[in-house]
Amino acid sequence: MKRPVRLALLGCGTVGTEVVRLLHDQSADLAARIGAPLEIAGIAVRRLGRDRGDLPVDPSLFTTDALGLIKRDDVDVVIEVVGGIEPARGWLVEALRAGKSVVTANKALLAEDGAALHDAAAEGGGDLYYEASVAGAIPLLRPLRESLHGDRVTRVTGIVNGTTNFILSAMHATGAGFAEALEEATELGYAEADPTADVEGFDAAAKAAILASLAFHTRVGAADVHREGITEVTAADVASAKAMGCTIKLLCIAARGADATGREAVSVRVHPAMIPLTHPLASVGDAFNAVFVEAEAAGQLMFYGRGAGGAPTASAVLGDVVAVSRNRLAGVRSASESAYADLPVRPMGEALTRYHISLDVTDRPGVLEAVAGMFARHDVSIATVRQGPSGGGAAGRGDDADLVIVTHVAPDAALAATVRELRGLDIVRSVASVLRVEGGP
Ligand code: NDP
Ligand code: HSE
C-alpha cells in the first residue's frame, strides 16, 4: 500500500458531514480501490464551536484557517463543499496553482468563473473534478466529459433543480398555487429558508451553464443563460397544461444549431415549460432530477436520480476523490478542459420554441381574425385554437371568452413580439398566461 492521499475538506455542512461519514465508513474499500488510504489532513469551517453531532472524526482536525490548510505541503487533494463565489474562488485557484487536485460541488462558482479554475488547474497540473455540482448523485458530468467524447451531443434537456420540481409536481398533483406548494416544500426541508436561488432559476441556470460547457466544448457562463423562474406559474397555468395532456416543469435546455447567419452556435435557457405527459421528463416527480441527452450516434440517453441531499451529493464527491487520487498515485492528470469549439451563444430571441397563450378576449365577430392576423404578421404559425366561455362568465356573444392558442415552432423573439402586440389590442382584455411548450411532436 502506498503512502496516504491527504485531503483538505473545506466545509462540513449538509454535504461535508456526509463526506466525512463516507470516508470513515468506506475507508477500507476506498483504500483498496485507490491503492492507498485516504486521510483527512484538516477540515475548514466557519464556526469551530458548532455542534456536529457524532461525526466520526478527530475534533482537533477542525480549523477556521482554510487558506492555511490548503497551503500545507502534506495536502494532496482539496475538497470544497462550502459554496458561494468568494472566498471559494481564491482558495481553489490557490490550491490548483500549487498543483493540488480539487473536487468541488460549487456550481455557482463554476458557472460564474469556471475559466479561472480550469486555467489554474492547467497551470498547476492537478485535476479539477466537479461531478456533484450538477444533479447531485447522478453520474452525468463524467459521461459528458468522457464517455460521449466520441460523439456529438446535440441537445441536453433536464430537470436539474429538486426544489422547483417538488413545487411544480405538488401543484400538478393537488392543484395548489405556487405559494402553498412552496410552503409545503419548506416544511419538508426541500426549500431553503431563502429559496430565491431555486425558485428564480439561478441554481438551474448555473447547472445549465456547466452542462452546456461540457456538452458543446465551449465556455458557457451563468451570464450566457437565459433564465426565468417559476414564481409566476399559477394554478390556472397548471390546470391549462393538464387540459392539454401536459405538465409544467422547470427545464434547462442547451442545444446546438445554426444561428441566423448559418454559423453553428449554442443556446442555453432555463424556464418553466409545458411538456406532454408522455415525455420521459414528465414522470420525474418529487425532488428528483433527470437529464435527457441527445447525441448524433448514441441517440437518446436519460439520466435519473437524486439531485440533492447530503449523502447523494457526497457519493458524487467521493467518486471524484477516488478518481483524482488514483491519478495522483499514477502521476497523471485527466484530460484538461475541452473548450476548443468555442461556439457563440445565441440570444434567447433566436431560440426555437412553441408558445401556449391564454387570452381573455371580447366575444364578438372578427376577434379571432384580428388575433390570428397578429400571429401572421410576426410569421408565427398557429397549431391549435380553443375557445370557451371566460372563467366564471356566461357563454355567448357580447361576453368575454377565453382563447387558448398553441403555436408551431418559431423564434422566441417573434413569439414575444406577438404577445406584446396582443396585449395592445382593445379586443384583448388580458393575456392570462404565456408558457413555452417543449418536447412535443
Ligand atoms: P452548508 O451551508 O450546509 O455548509 C457549508 C459549510 O461551509 C459549513 O460547514 C460552513 O461552516 C462552511 N463555511 C461557510 N463559510 C465558510 C468560510 N468562510 N470558511 C470556512 N468554512 C465556511 O452547504 P451544503 O453542504 O448544503 O453545500 C455545500 C456545497 O455543495 C455548495 O456549493 C452547494 O451548492 C453544493 N451542493 C449542495 C447540495 C445539497 O443538497 N446541499 C447538492 C449539490 C451541491 P460551519 O459548519 O461552521 O457553518
Ligand atoms: N437547491 C438545489 C436543488 C440543491 O433544489 O436542486 C442541489 O443542487
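**View 1. Lys107 meets ligand 2.** An N or O atom in the Lys107 side chain sits 2.5 Å from an oxygen atom of ligand 2. This is a predicted model. The protein covers 84% of the 260 Å² of accessible area that ligand 2 has on its own.

**View 2. Asn161 and Gly162 beside ligand 2.** The side chain of Asn161 places an N or O atom 3.5 Å from a ligand 2 oxygen. Gly162 uses its backbone instead: an N or O atom there is 2.7 Å from an oxygen atom of ligand 2.

**View 3. Lys107 in its helix.** Lys107 belongs to helix H5, which spans residues 107–124. In an unreviewed UniProt entry, the annotation "binding site" covers Lys107. The relative accessibility of Lys107 is 27%. Buried means under 20% and exposed means over 50%, so Lys107 counts as partly exposed.

**View 4. Protein neighbours of Lys107.** Leaving aside residues within four places in sequence, Lys107 is in contact with Ser133, Asp203, Ala206, Lys207 and Ile210.

Conventions:
Residues numbered from 1 in each chain as written. Chains lettered and ligands numbered in written order. Predicted model: local features only at pLDDT ≥ 70, side-chain atom pairs only at ≥ 80, totals over all residues. Heavy atoms only, no water. Polar contact = N/O pair within 3.5 Å; in protein donor to acceptor, adjacent residues only side chain to side chain. Areas by Shrake-Rupley, 256 points an atom, 1.4 Å probe, with all protein chains shown as cover. UniProt positions renumbered as here; feature names shortened; annotations may be inferred. Helix = DSSP H or I, 4+ residues; strand = E, 2+ residues; numbered from the N terminus. Buried < 20%, exposed > 50% of the residue type's maximum accessible area, 1.4 Å probe, protein only. Contact = heavy atoms within 4.5 Å.
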